[in-house]
Amino acid sequence: MILVTSNRHKFQEIAAMFHGTGIPLEWRQMKYEEIQEDTTEMISYRSCVEVRKYLHDDFFLEDTGLYVPSLYGFPGPYSSYVNATIGYAGLQRLVEGKDRRAYFKTVISLSMGGSITQFGGILRGEISSKARGTTGFGFDPVFIPEGENLTLAEMEIDLKNRFSHRGRAVSVLIEYLISLEPKR
Ligand code: IMP
């Protein structure tokens, strides 16, 4: 199965989940135009349609957004832009004095045969007032999952995968791929 992403961290997290499933994972380090849409689902879907023009093998890609309900869902579909501009420190400033609860949403789009199928995962938590940790990427240093004390950037990949937005979406994808395999 081919994973299309230019993000090394996403590849590492997803590869750790495929490890031991018997399904080989190939990393296609391809940059594609991310079309701006109102939802993570639509960005993922439109990106998949775009990549299908060039890649005719079965593949999947994913899009992730960080949603803060007290900011009316911002940055949501604008998460890459916000990370590249004001960064997580800017987001921390925006939530100061507000409800800090937030959630990540990952939507995988699988292009297989003639169709596109989506798989989703959500991780609830909150934006921390202090950035902590050095693993991971993006908003990991300021995101504390519900019921945990550590930020995502203080966790090893396997621990993050156990309950993360991406981990959940990938485990449903893997279940689906296994269900397609001919029964031995
Ligand atoms: P995209 O899916 O690459 O468009 O991600 C949108 C933004 O969210 C980027 O700035 C990423 O760095 C950030 N992001 C995506 N996934 C994660 C994650 O698992 N942890 C922290 N930040 C993430």
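Predicted model: local features only at pLDDT ≥ 70, side-chain atom pairs only at ≥ 80, totals over all residues.
Colleague: What about His165 and an oxygen atom of the ligand?

Modeller: A side-chain N or O atom of His165 is 2.8 Å from a ligand oxygen. For Ser80, a polar side-chain atom also lies 2.8 Å from an oxygen atom of the ligand.

Colleague: How much of the ligand does the protein bury?

Modeller: The ligand taken alone exposes 470 Å², and 92% of that is buried by the protein. The areas are accessible areas from the Shrake-Rupley method with a 1.4 Å probe.

Colleague: Which elements give two or more residues to the shell around the ligand?

Modeller: Those are β3 (59-67), α3 (79-85) and α6 (165-180). Helices are DSSP runs of H or I with at least four residues, strands are runs of E with at least two, and both are numbered from the N terminus.

Colleague: How many residues surround the ligand?

Modeller: There are 16, and Lys10 and Asp140 are among the closest.

Colleague: New topic. How many helices and strands are there?

Modeller: The protein has six helices and seven strands. From the N terminus, the order is β-α-β-α-β-β-α-α-β-β-β-α-α.

Colleague: What does the C-alpha trace span?

Modeller: It covers about 55 × 30 × 25 Å along its principal axes.

Colleague: Where is the cis peptide bond?

Modeller: Between Phe74 and Pro75, with omega about 0°. Pro75 belongs to strand β4 (residues 75-76).

Colleague: And what is the phi of Tyr72?

Modeller: Tyr72 has a positive phi of about 60°, though it is not a glycine. It lies in the loop between β3 and β4. Most residues other than glycine have a negative phi, and most peptide bonds are trans.

Technical notes: Residues numbered from 1 in each chain as written. Heavy atoms only, no water. Near = heavy atom within 4 Å. Polar contact = N/O pair within 3.5 Å; in protein donor to acceptor, adjacent residues only side chain to side chain.
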